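Open your viewer and get ready to click along.

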Amino acid sequence: MEKIAIVTGASRGIGREIAKNLAKKQIKVIANYNNSEKEANELKEELKKENIEIDIFKADVTKREEIKKLVQFAEEKYKKIDILINNAGISEYKMFSDETDEDWNRIINTNLYSAFAMTQEVLPNMIHNKNGCIINISSIWGIVGASLEVLYSISKAGINGMTKALAKELGPSNIRVNAIAPGIIKTQMNSKFSIDEINKIKEEIPLEKIGDPSDIAKCVNWLIEDEYTTGQIISINGGWSIT
Ligand code: NAP
């Protein structure tokens with residue numbers, strides 16, 4: 001029987017590539033988006049040309065009610081959810097002393113609350129089926145911390161803690177929980193950096209290049225096939241940080 005996957009933040013960047021890759025592996029994908037409706041439609045149309053059908057679903061994953069509707073859609077249409085990719089995220093570049101409560105709420109809600117609430121909503125289905133694979137998209141900064149990205153680092157460190165703790169709690173239900181912690185990946189999230197800045201970053205990376213969303217999607221492909229990995233934070237960063 002085919003697998004069913006929900007990918008949050010699948011309209012652009014890493015989430016889009018993950019959704020595309022899963023769909024090409026005959027997995028039924030529900031690609032979530034919030035603001036980028038045009039891009040989400042383009043993804044659906046692009047795959048349709050290859051005779052691959054996906055669902056796209058608008059939901060702001062900082063809002064419990066919208067998350068419930070997304071999960072309800074998946075359950076009503078497919079009866080089960082095998083894979084959850086908590087990918088939606090935002091970043092911000094700011095001095096810690098300038099951060100406001102609004103910044104805290106926006107970043108923590110988008111990057112961390114979303115994974116908490118999405119996971120809670122899919123769990124009854126996964127526990128009932130005694131089967132599930134949850135992959136949280138974390139970040140190198142959740143492991144080593146980033147200057148000028150303290151709130152972002154907090155949110156991703158939270159994701160890492162959640163991944164490890166939940167893996168222990170859900171192991172007996174045959175639900176695996178892992179995180180992928182990318183280094184720097186070529187997406188809109190890094191459009192703030194100039195070419196010079198990108199070149200300086202490349203010099204710090206042993207593999208001397210910026211990652212591509214496909215580097216993350218390949219790891220997702222492996223994690224969903226694997227059956228004995230749980231509670232791990234997998235660093236994909238060209239060797240930028242080796243801990
Ligand atoms: P991106 O290109 O900016 O895409 C972000 C995605 O998140 C978009 O599809 C966006 O959807 C979605 N999103 C944001 N807020 C949302 C919300 N409230 N509800 C639903 N969707 C929402 O970023 P990316 O680089 O692909 O990042 C994806 C993930 O990888 C993030 O968790 C990020 O922290 C992590 N990451 C990225 C890098 C990197 O270098 N790029 C490195 C480490 C970790 P809409 O546009 O439709 O709203």
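The tour goes from the ligand to its surroundings and then to a cavity.

Before you select anything, note that this is a predicted model, where local features need pLDDT of at least 70, side-chain atom pairs count only at pLDDT 80 or more, and totals for chains, interfaces and linings use all residues. Residues are numbered from 1 along each chain as its sequence is written, and side-chain values use heavy atoms, with hydrogens and water left out.

Start with the ligand. Around it are 32 residues, and S36, N87, Y152, T187 and N190 come nearest (a residue is near if one of its heavy atoms lies within 4 Å). Next, pick Y152: an N or O atom of its side chain is 2.5 Å from a ligand oxygen. T187 also places a polar side-chain atom 2.5 Å from an oxygen of the ligand, while for R12 the distance from a polar side-chain atom to a ligand oxygen is 3.0 Å.

Now colour the shell around the ligand by class: 12 residues are nonpolar, 17 polar and three charged (Ala, Val, Leu, Ile, Met, Phe, Trp, Tyr, Cys and Pro count as nonpolar, Asp, Glu, Lys and Arg as charged, and the others, Gly among them, as polar).

For the last stop, select T8, N86, N87, A88, N111, S114, A115, I137, K156 and I159, which line the largest cavity (on a 1 Å grid over the protein atoms alone, a set of points where a 1.4 Å probe fits but cannot get out; lining residues have an atom within 4 Å of a point). This lining has four nonpolar, five polar and one charged residues.

Notes. Polar contact = N/O pair within 3.5 Å; in protein donor to acceptor, adjacent residues only side chain to side chain. 1 Å grid on protein atoms, 1.4 Å probe; cavity = no way out; pocket = protein on both sides within 12 Å on 5 of 7 lines; lining within 4 Å.
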